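Here's a quick briefing to read alongside the model.

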Amino acid sequence: MTENATETSEAAEVTPAELAPVELTPAELTAEQEDVLEALRDVVDPELGINVVDLGLVYGVDVDAERIATIDMTLTSAACPLTDVIEDQAREALDGLVSDFRINWVWMPPWGPESITEDGREQLRALGFNI
């Protein structure tokens with residue numbers, strides 16, 4: 001896999017409807033997108049110990065004809081210093097699945113606990129979080 005490029009999107013003017021949590025519905029995903037999401041379940045948020053998909057941090061996945069994945073992802077906080085750790089884990093998880101990838105760090109809509117999947121909520125409850 002080649003070196004990935006990381007981008008940060010500037011916040012644009014957003015309508016209230018766009019602030020709703022993003023839901024990745026399996027019926028709307030291609031097989032390649034589903035495979036990338038499944039692989040990203042091996043990427044664990046270092047602070048919470050839950051994978052980035054179940055935490056609701058992955059907002060979108062696109063895989064182009066050259067098998068380059070673009071992942072729209074956020075963090076629980078814009079000040080989180082762990083982007084390098086997450087990118088390294090993603091590189092390992094996606095190795096052999098795609099030819100390359102890039103993470104497009106986005107901040108709109110802002111992440112909130114409502115984005116956590118039911119599996120993520122169960123995992124957090126098992127760790128003692130009240131969610």
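One cut-off first: a residue counts as buried under 20% relative accessible area, as exposed over 50%, and as partly exposed in between. Keep in mind that this is a predicted model. With that said, here's the tour, starting from the inside.

**The nonpolar core**
- The largest nonpolar core holds 33 residues, and V36, L40, V58 and M73 are the ones that touch the most other members.
- Two or more residues of this core come from each of α1 (31-40), β2 (58-63), β3 (68-73), α2 (83-94) and β4 (100-105).
- As general background, nonpolar side chains in soluble globular proteins tend to be buried together.
- Click on V36 and you'll find it touching V61, V63, A69, I71, L94, L97 and V98, leaving aside residues up to four places away in sequence.

**L55, a buried loop residue**
- L55 sits in the loop between α1 and β2.
- Is L55 buried or exposed? With a relative accessible area of 0%, L55 is buried, because the cut-off for that label is under 20%.
- Not counting residues up to four places away in sequence, L55 touches D45, L48, I50, W111, S115, I116 and L124.
- L124 is 69 residues away from L55 along the chain, yet their C-alpha atoms are separated by 9.4 Å.

**T70 and its polar partner**
- T70 belongs to strand β3 and is buried, at 18% relative accessible area.
- The side chains of T70 and R102 are joined by a polar contact of 3.5 Å.
- Beyond four places in sequence, T70 touches G60, V61, D62 and R102.

- M108 and P109 are joined by a cis peptide bond, with omega at about 0°.
- P109 is placed in the loop between β4 and α3.
- R67 isn't a glycine, but it has a positive phi of about 65°.
- You'll find R67 in the loop between β2 and β3, where it counts as partly exposed at 40% relative accessibility.

- Which residues make the nonpolar surface patch of about 260 Å²? The patch is made by L127, F129 and I131.
- I131 lies in the segment after α3 (118-126).
- I131 has 30% relative accessibility, so it counts as partly exposed.

Key:
Residues numbered from 1 in each chain as written. Predicted model: local features only at pLDDT ≥ 70, side-chain atom pairs only at ≥ 80, totals over all residues. Heavy atoms only, no water. Core = buried A, V, L, I, M, F, W, Y, C linked by side-chain atoms within 4.5 Å. Buried < 20%, exposed > 50% of the residue type's maximum accessible area, 1.4 Å probe, protein only. Helix = DSSP H or I, 4+ residues; strand = E, 2+ residues; numbered from the N terminus. Contact = heavy atoms within 4.5 Å. Patch = residues over 30% accessible without salt bridge, like charges linked within 9 Å, V, L, I, M, F, W, Y side chains within 5 Å. Areas by Shrake-Rupley, 256 points an atom, 1.4 Å probe, with all protein chains shown as cover. Salt bridge = Lys/Arg side-chain N within 4 Å of Asp/Glu carboxyl O. Polar contact = N/O pair within 3.5 Å; in protein donor to acceptor, adjacent residues only side chain to side chain.
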